[in-house]
Amino acid sequence: MLFPKTIKLAMLPTPVEKWRRIPHVSDDYNIFIKRDDLTGFGLSGNKVRKLEFLAYDAIKKGCDTLITCGGVQSNHARATAIISAQLGLKSHLVLFKEEVPKLDGNLFLDKMTNAKIKYISSEEYEYVDEIMEKLKKNLKRKGQNGYVIPEGGSNALGIWGYIKACLEVKSQIDSLGLRIDKIITAVSSGGTYSGLYIGKKLLNWKVEIIGFNIRETSKIATQRIKSLVQSYKENFKQKFSFKEDEIKVIDGYVGKGYGKSRKIELDLIKSVSKNTGIILDPVYTGKAMLGLVDQINLGNFSKKEKILFLHTGGGFGLFPIKEKFFSRSSIPKGA
Ligand SMILES: Cc1ncc(COP(=O)(O)O)c(C=O)c1O
(Lines give C-alpha, C1' and ligand atoms only; values in the text may rest on other atoms or scores of the structure.)
Protein backbone atom coordinates (compact mmCIF):
# COMPACT_ATOMS: atom_id res chain seq x y z
CA MET A 1 0.00 0.00 0.00
CA LEU A 2 1.33 3.44 -0.94
CA PHE A 3 1.12 5.96 1.91
CA PRO A 4 1.41 9.75 1.70
CA LYS A 5 4.76 10.96 3.05
CA THR A 6 5.27 11.55 6.78
CA ILE A 7 7.72 12.98 9.26
CA LYS A 8 8.73 10.29 11.74
CA LEU A 9 7.60 11.48 15.16
CA ALA A 10 6.05 8.50 16.95
CA MET A 11 7.85 5.59 18.60
CA LEU A 12 6.50 2.72 16.51
CA PRO A 13 5.46 -0.04 16.51
CA THR A 14 3.76 0.13 19.90
CA PRO A 15 3.45 -3.20 21.72
CA VAL A 16 0.46 -5.56 21.68
CA GLU A 17 0.16 -7.35 25.02
CA LYS A 18 -2.18 -9.79 26.75
CA TRP A 19 -4.14 -7.83 29.35
CA ARG A 20 -4.78 -9.86 32.49
CA ARG A 21 -6.42 -9.20 35.87
CA ILE A 22 -8.82 -6.59 34.52
CA PRO A 23 -11.18 -5.67 37.37
CA HIS A 24 -14.73 -7.13 37.06
CA VAL A 25 -13.65 -9.31 34.08
CA SER A 26 -12.76 -12.98 34.40
CA ASP A 27 -9.36 -13.95 32.99
CA ASP A 28 -11.21 -16.49 30.83
CA TYR A 29 -11.91 -13.58 28.49
CA ASN A 30 -9.26 -13.00 25.85
CA ILE A 31 -8.35 -9.33 26.11
CA PHE A 32 -5.29 -7.76 24.54
CA ILE A 33 -4.11 -4.18 24.61
CA LYS A 34 -2.41 -2.11 21.91
CA ARG A 35 -0.17 0.35 23.74
CA ASP A 36 -0.59 3.58 21.77
CA ASP A 37 -0.09 5.28 25.12
CA LEU A 38 3.57 4.47 24.43
CA THR A 39 4.04 6.41 21.18
CA GLY A 40 6.37 8.76 23.08
CA PHE A 41 6.42 10.78 26.30
CA GLY A 42 5.21 14.26 25.32
CA LEU A 43 3.85 12.72 22.13
CA SER A 44 2.06 9.82 23.83
CA GLY A 45 -1.31 8.78 22.46
CA ASN A 46 -3.16 8.50 19.18
CA LYS A 47 -2.73 12.06 17.86
CA VAL A 48 0.91 11.78 16.87
CA ARG A 49 0.08 9.11 14.29
CA LYS A 50 -2.20 11.57 12.46
CA LEU A 51 0.19 14.47 12.96
CA GLU A 52 3.02 12.58 11.24
CA PHE A 53 1.06 13.04 7.99
CA LEU A 54 -0.27 16.54 8.73
CA ALA A 55 3.03 18.05 9.87
CA TYR A 56 4.75 16.75 6.74
CA ASP A 57 2.04 18.35 4.61
CA ALA A 58 2.37 21.66 6.50
CA ILE A 59 6.12 21.84 5.94
CA LYS A 60 5.82 20.75 2.30
CA LYS A 61 3.40 23.65 1.79
CA GLY A 62 5.90 26.10 3.32
CA CYS A 63 3.94 26.75 6.51
CA ASP A 64 5.71 27.87 9.68
CA THR A 65 2.82 27.79 12.19
CA LEU A 66 0.46 24.98 13.16
CA ILE A 67 -3.02 26.10 14.21
CA THR A 68 -5.41 23.70 15.89
CA CYS A 69 -8.19 23.44 18.48
CA GLY A 70 -9.75 21.39 21.25
CA GLY A 71 -10.71 21.50 24.90
CA VAL A 72 -8.44 23.11 27.44
CA GLN A 73 -6.95 19.68 28.25
CA SER A 74 -6.83 18.56 24.61
CA ASN A 75 -4.29 15.80 23.98
CA HIS A 76 -4.29 16.69 20.30
CA ALA A 77 -3.50 20.35 20.98
CA ARG A 78 -0.66 19.32 23.33
CA ALA A 79 0.78 16.92 20.72
CA THR A 80 0.56 19.70 18.09
CA ALA A 81 2.34 22.16 20.41
CA ILE A 82 5.14 19.70 21.17
CA ILE A 83 5.59 18.71 17.54
CA SER A 84 5.79 22.38 16.56
CA ALA A 85 8.57 22.94 19.07
CA GLN A 86 10.31 19.78 17.89
CA LEU A 87 10.22 20.90 14.26
CA GLY A 88 11.05 24.57 14.84
CA LEU A 89 7.52 25.75 13.98
CA LYS A 90 5.19 28.00 15.97
CA SER A 91 1.83 26.83 17.31
CA HIS A 92 -1.48 28.53 17.98
CA LEU A 93 -4.16 26.67 19.91
CA VAL A 94 -7.83 27.66 20.08
CA LEU A 95 -9.11 26.03 23.26
CA PHE A 96 -12.55 26.06 24.81
CA LYS A 97 -12.86 26.41 28.55
CA GLU A 98 -15.74 26.39 31.00
CA GLU A 99 -13.85 27.33 34.15
CA VAL A 100 -10.59 29.11 34.95
CA PRO A 101 -8.08 26.65 33.46
CA LYS A 102 -5.55 24.95 35.72
CA LEU A 103 -1.94 25.19 34.62
CA ASP A 104 -1.58 21.41 34.74
CA GLY A 105 -1.58 18.32 32.52
CA ASN A 106 -1.76 19.04 28.80
CA LEU A 107 -2.13 22.80 29.25
CA PHE A 108 1.09 22.89 31.25
CA LEU A 109 2.91 21.19 28.35
CA ASP A 110 1.30 23.60 25.84
CA LYS A 111 2.78 26.45 27.83
CA MET A 112 6.15 24.74 28.27
CA THR A 113 6.46 24.49 24.49
CA ASN A 114 5.43 28.14 24.03
CA ALA A 115 2.12 27.57 22.25
CA LYS A 116 0.05 30.74 21.83
CA ILE A 117 -3.38 30.10 23.28
CA LYS A 118 -6.69 31.70 22.45
CA TYR A 119 -9.46 30.75 24.88
CA ILE A 120 -13.04 30.65 23.68
CA SER A 121 -16.34 29.55 25.25
CA SER A 122 -18.04 26.26 24.38
CA GLU A 123 -20.72 28.27 22.48
CA GLU A 124 -18.03 29.95 20.37
CA TYR A 125 -16.44 26.54 19.79
CA GLU A 126 -19.29 25.69 17.40
CA TYR A 127 -17.60 28.12 15.01
CA VAL A 128 -14.06 27.02 15.75
CA ASP A 129 -13.22 26.27 12.09
CA GLU A 130 -14.07 29.87 11.16
CA ILE A 131 -12.15 31.17 14.19
CA MET A 132 -9.05 29.22 13.10
CA GLU A 133 -9.33 30.51 9.51
CA LYS A 134 -9.57 34.07 10.82
CA LEU A 135 -6.51 33.50 12.98
CA LYS A 136 -4.65 32.20 9.94
CA LYS A 137 -5.54 35.39 8.02
CA ASN A 138 -4.40 37.60 10.91
CA LEU A 139 -1.11 35.73 11.14
CA LYS A 140 -0.62 36.11 7.38
CA ARG A 141 -0.73 39.88 7.83
CA LYS A 142 2.13 39.52 10.31
CA GLY A 143 4.11 37.43 7.80
CA GLN A 144 3.37 34.02 9.35
CA ASN A 145 2.18 31.12 7.23
CA GLY A 146 -0.41 29.12 9.16
CA TYR A 147 -1.56 25.53 8.57
CA VAL A 148 -4.96 24.75 10.04
CA ILE A 149 -5.44 21.27 11.51
CA PRO A 150 -9.06 20.38 12.32
CA GLU A 151 -10.16 19.05 15.71
CA GLY A 152 -8.39 15.82 16.61
CA GLY A 153 -6.33 15.93 13.40
CA SER A 154 -9.29 14.17 11.83
CA ASN A 155 -9.47 14.81 8.11
CA ALA A 156 -8.84 12.70 5.02
CA LEU A 157 -5.06 13.06 5.40
CA GLY A 158 -4.88 12.65 9.20
CA ILE A 159 -6.80 9.38 9.21
CA TRP A 160 -3.96 7.74 7.29
CA GLY A 161 -2.36 7.58 10.74
CA TYR A 162 -4.82 4.91 11.82
CA ILE A 163 -4.88 3.14 8.46
CA LYS A 164 -1.17 2.64 8.99
CA ALA A 165 -1.81 1.63 12.63
CA CYS A 166 -4.31 -0.99 11.44
CA LEU A 167 -1.63 -2.51 9.18
CA GLU A 168 0.79 -2.41 12.10
CA VAL A 169 -1.66 -4.33 14.33
CA LYS A 170 -2.37 -6.90 11.62
CA SER A 171 1.28 -7.63 11.01
CA GLN A 172 1.94 -7.85 14.78
CA ILE A 173 -0.84 -10.31 15.46
CA ASP A 174 0.09 -12.35 12.37
CA SER A 175 3.64 -12.67 13.58
CA LEU A 176 2.39 -13.64 17.05
CA GLY A 177 0.13 -16.25 15.41
CA LEU A 178 -2.88 -14.55 17.00
CA ARG A 179 -6.42 -13.96 15.77
CA ILE A 180 -8.28 -10.79 16.76
CA ASP A 181 -12.08 -10.56 16.36
CA LYS A 182 -12.77 -7.09 17.72
CA ILE A 183 -10.83 -3.86 18.16
CA ILE A 184 -12.19 -1.44 20.75
CA THR A 185 -11.55 2.31 20.70
CA ALA A 186 -12.88 5.53 22.19
CA VAL A 187 -14.52 7.84 19.62
CA SER A 188 -14.49 11.63 19.65
CA SER A 189 -13.65 13.38 16.36
CA GLY A 190 -13.84 9.93 14.71
CA GLY A 191 -10.46 9.87 12.94
CA THR A 192 -9.07 6.93 14.89
CA TYR A 193 -12.14 4.80 14.25
CA SER A 194 -12.29 5.83 10.56
CA GLY A 195 -8.63 4.95 9.99
CA LEU A 196 -9.03 1.53 11.61
CA TYR A 197 -12.18 0.88 9.60
CA ILE A 198 -10.60 1.88 6.27
CA GLY A 199 -7.48 -0.13 7.17
CA LYS A 200 -9.45 -3.29 7.75
CA LYS A 201 -11.41 -2.77 4.51
CA LEU A 202 -8.22 -2.28 2.48
CA LEU A 203 -6.72 -5.39 4.09
CA ASN A 204 -9.93 -7.33 3.63
CA TRP A 205 -9.66 -8.23 7.31
CA LYS A 206 -12.81 -9.52 8.99
CA VAL A 207 -12.09 -7.83 12.33
CA GLU A 208 -14.93 -5.74 13.79
CA ILE A 209 -14.12 -2.20 14.93
CA ILE A 210 -16.21 -1.19 17.94
CA GLY A 211 -16.23 2.37 19.21
CA PHE A 212 -17.54 3.93 22.40
CA ASN A 213 -18.52 7.57 21.95
CA ILE A 214 -17.29 9.69 24.81
CA ARG A 215 -19.31 12.77 23.84
CA GLU A 216 -22.65 13.50 22.19
CA THR A 217 -24.40 10.40 20.84
CA SER A 218 -23.41 7.31 18.85
CA LYS A 219 -25.60 8.66 16.03
CA ILE A 220 -23.54 11.85 15.76
CA ALA A 221 -20.29 9.87 16.06
CA THR A 222 -21.43 7.53 13.27
CA GLN A 223 -22.29 10.49 11.01
CA ARG A 224 -18.87 11.98 11.66
CA ILE A 225 -17.14 8.69 10.82
CA LYS A 226 -19.28 8.30 7.69
CA SER A 227 -18.32 11.73 6.35
CA LEU A 228 -14.63 11.16 7.15
CA VAL A 229 -14.64 7.83 5.29
CA GLN A 230 -16.40 9.46 2.32
CA SER A 231 -13.99 12.38 2.29
CA TYR A 232 -11.08 9.92 2.38
CA LYS A 233 -12.55 7.96 -0.56
CA GLU A 234 -12.98 11.14 -2.61
CA ASN A 235 -9.54 12.57 -1.79
CA PHE A 236 -7.49 9.44 -2.21
CA LYS A 237 -9.55 7.59 -4.84
CA GLN A 238 -9.44 4.32 -2.91
CA LYS A 239 -11.91 1.61 -3.81
CA PHE A 240 -13.66 -0.35 -1.09
CA SER A 241 -17.28 -0.95 -0.23
CA PHE A 242 -18.51 1.24 2.58
CA LYS A 243 -21.52 0.00 4.52
CA GLU A 244 -22.94 2.29 7.16
CA ASP A 245 -24.21 -0.65 9.20
CA GLU A 246 -20.61 -1.82 9.64
CA ILE A 247 -19.91 1.27 11.74
CA LYS A 248 -20.51 0.14 15.32
CA VAL A 249 -20.47 2.83 17.98
CA ILE A 250 -21.97 1.90 21.34
CA ASP A 251 -23.69 4.64 23.30
CA GLY A 252 -24.32 4.87 27.03
CA TYR A 253 -20.93 5.72 28.53
CA VAL A 254 -20.67 9.48 28.06
CA GLY A 255 -21.74 9.88 31.69
CA LYS A 256 -21.86 13.51 32.80
CA GLY A 257 -20.59 14.73 29.44
CA TYR A 258 -17.35 15.41 27.59
CA GLY A 259 -14.43 15.71 29.98
CA LYS A 260 -16.61 15.26 33.08
CA SER A 261 -16.07 12.26 35.33
CA ARG A 262 -18.35 10.13 37.48
CA LYS A 263 -17.21 8.13 40.50
CA ILE A 264 -17.79 4.83 38.65
CA GLU A 265 -15.29 5.90 35.94
CA LEU A 266 -12.68 7.15 38.40
CA ASP A 267 -13.00 3.97 40.48
CA LEU A 268 -12.46 1.85 37.39
CA ILE A 269 -9.40 3.86 36.30
CA LYS A 270 -7.97 3.48 39.79
CA SER A 271 -8.61 -0.27 40.02
CA VAL A 272 -7.24 -0.88 36.50
CA SER A 273 -4.07 1.00 37.54
CA LYS A 274 -3.81 -1.02 40.75
CA ASN A 275 -4.53 -4.46 39.23
CA THR A 276 -2.78 -4.18 35.88
CA GLY A 277 -0.39 -1.22 35.88
CA ILE A 278 -2.16 0.29 32.87
CA ILE A 279 -2.94 3.98 33.38
CA LEU A 280 -6.12 4.99 31.56
CA ASP A 281 -7.29 8.58 31.11
CA PRO A 282 -10.50 10.17 32.42
CA VAL A 283 -11.85 11.64 29.16
CA TYR A 284 -11.45 8.85 26.58
CA THR A 285 -9.96 5.48 27.50
CA GLY A 286 -11.50 5.38 31.00
CA LYS A 287 -14.98 5.75 29.51
CA ALA A 288 -14.29 3.28 26.67
CA MET A 289 -13.00 0.79 29.25
CA LEU A 290 -16.13 1.19 31.35
CA GLY A 291 -18.06 0.45 28.16
CA LEU A 292 -16.02 -2.68 27.47
CA VAL A 293 -16.31 -4.02 31.03
CA ASP A 294 -20.03 -3.32 31.11
CA GLN A 295 -20.66 -4.91 27.71
CA ILE A 296 -18.75 -8.00 28.81
CA ASN A 297 -20.86 -8.20 31.97
CA LEU A 298 -24.02 -7.75 29.93
CA GLY A 299 -22.99 -10.84 27.95
CA ASN A 300 -22.45 -8.98 24.69
CA PHE A 301 -18.91 -10.34 24.20
CA SER A 302 -18.02 -14.00 24.43
CA LYS A 303 -15.06 -15.79 25.98
CA LYS A 304 -14.29 -17.29 22.58
CA GLU A 305 -13.66 -13.88 21.03
CA LYS A 306 -10.27 -12.21 21.05
CA ILE A 307 -10.64 -8.54 21.85
CA LEU A 308 -8.01 -5.84 21.37
CA PHE A 309 -8.42 -2.63 23.37
CA LEU A 310 -6.66 0.32 21.77
CA HIS A 311 -5.09 2.45 24.50
CA THR A 312 -5.12 5.86 22.82
CA GLY A 313 -3.21 7.61 25.63
CA GLY A 314 -4.39 10.79 27.32
CA GLY A 315 -2.70 10.20 30.70
CA PHE A 316 -1.75 13.87 31.16
CA GLY A 317 -5.48 14.55 31.61
CA LEU A 318 -5.33 12.79 34.99
CA PHE A 319 -3.13 15.42 36.61
CA PRO A 320 -5.60 18.35 36.75
CA ILE A 321 -8.16 16.11 38.50
CA LYS A 322 -5.85 14.25 40.88
CA GLU A 323 -7.76 15.39 43.98
CA LYS A 324 -10.85 13.59 42.63
CA PHE A 325 -8.99 10.29 43.08
CA PHE A 326 -7.72 10.96 46.59
CA SER A 327 -9.58 13.15 49.03
CA ARG A 328 -7.32 15.57 50.96
CA SER A 329 -7.87 13.62 54.19
CA SER A 330 -6.62 10.37 52.58
CA ILE A 331 -3.24 11.91 51.73
CA PRO A 332 -0.80 11.41 54.62
CA LYS A 333 0.88 14.56 55.90
CA GLY A 334 4.15 15.13 54.10
CA ALA A 335 3.05 12.98 51.14
C1 LIG B 1 -6.57 9.99 24.46
C2 LIG B 1 -7.55 10.04 23.35
N3 LIG B 1 -8.21 8.91 23.04
C4 LIG B 1 -9.14 8.88 22.05
C5 LIG B 1 -9.44 10.02 21.32
C6 LIG B 1 -10.48 9.94 20.26
O7 LIG B 1 -9.90 9.91 19.00
P8 LIG B 1 -10.66 10.53 17.76
O9 LIG B 1 -10.78 12.02 18.00
O10 LIG B 1 -9.78 10.21 16.61
O11 LIG B 1 -12.01 9.91 17.69
C12 LIG B 1 -8.76 11.22 21.59
C13 LIG B 1 -9.09 12.43 20.84
O14 LIG B 1 -9.10 13.53 21.28
C15 LIG B 1 -7.79 11.23 22.63
O16 LIG B 1 -7.12 12.34 22.95
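**View 1. The shell around the ligand, where H6 is the top contributor.** Helix H6 gives the most to the shell around the ligand, with three residues. Bear in mind that this is a predicted model. H6 covers 191-203, and like helix H2 (75-87) and strand S7 (182-187), it supplies at least two residues of that shell. Which residues come nearest to the ligand? Of the 20 residues around it, those are Asn-75, Ser-189, Tyr-284, Thr-312 and Gly-314. By class, the shell is made up of 15 polar residues, four nonpolar ones and one charged.

View 2. In the contact you'll find 24 residues from domain 1 and 22 residues from domain 2. On the side of domain 1 that touches domain 2, helix H5 (residues 160-176) gives the most, with five residues. Sorted by class, that side of domain 1 has 14 polar, nine nonpolar and one charged residues.

**View 3. The open sheet of six strands.** Read across the sheet and the order is S1-S2-S10-S7-S8-S9, with mixed pairing. Which strands sit at the edges? Those are strand S1 (16-18) and strand S9 (248-250), and each pairs on one side only. From one strand to the next, the twist averages 30°. Helix H7 (residues 218-236) packs on this sheet, where it touches S7, strand S8 (208-213) and S9. The direction of H7 makes about 150° with that of S9.

**View 4. Zooming in on S1 and its partner.** S1 and strand S2 (residues 30-35) run antiparallel and are joined by three bridges. For a handy landmark, look for Lys-18, which stands opposite Phe-32 in S2. As a reminder, strands of a sheet pair through backbone hydrogen bonds, either parallel or antiparallel.

**View 5. The open sheet of four strands.** Here the order is S5-S4-S3-S6, and the pairing is parallel. Why is one side of S5 and of S6 left without a neighbour in the sheet? Strand S5 (116-120) and strand S6 (146-148) stand at the edges and have a single partner strand each, so one side of each has no neighbour there. The twist in this sheet averages 25° from one strand to the next. H2, which also supplies residues to the shell around the ligand, packs on the sheet and touches S3 and S4. Its direction makes about 160° with that of S3.

View 6. Is strand S4 largely enclosed or open, and why? Six of the seven residues of S4 (residues 90-96) are buried, so the rest of the structure largely encloses this strand. Strand S3 (residues 65-71) runs parallel to S4, and seven bridges join the two. To pick out one of the pairs, find Thr-68, whose bridge partner in S4 is Leu-93. In a regular strand, side chains alternate between the two faces of the sheet.

How values were computed: Residues numbered from 1 in each chain as written. Predicted model: local features only at pLDDT ≥ 70, side-chain atom pairs only at ≥ 80, totals over all residues. Near = placed C-beta within 6 Å. Nonpolar A, V, L, I, M, F, W, Y, C, P; charged D, E, K, R; others polar. Pairing = 2+ DSSP bridges. Axes fitted to C-alpha atoms, helices over the stretch in contact; angles between N-to-C directions. Contact = placed C-beta atoms within 7 Å. Buried ≥ 20, exposed ≤ 12 C-beta atoms within 10 Å, placed from the backbone.
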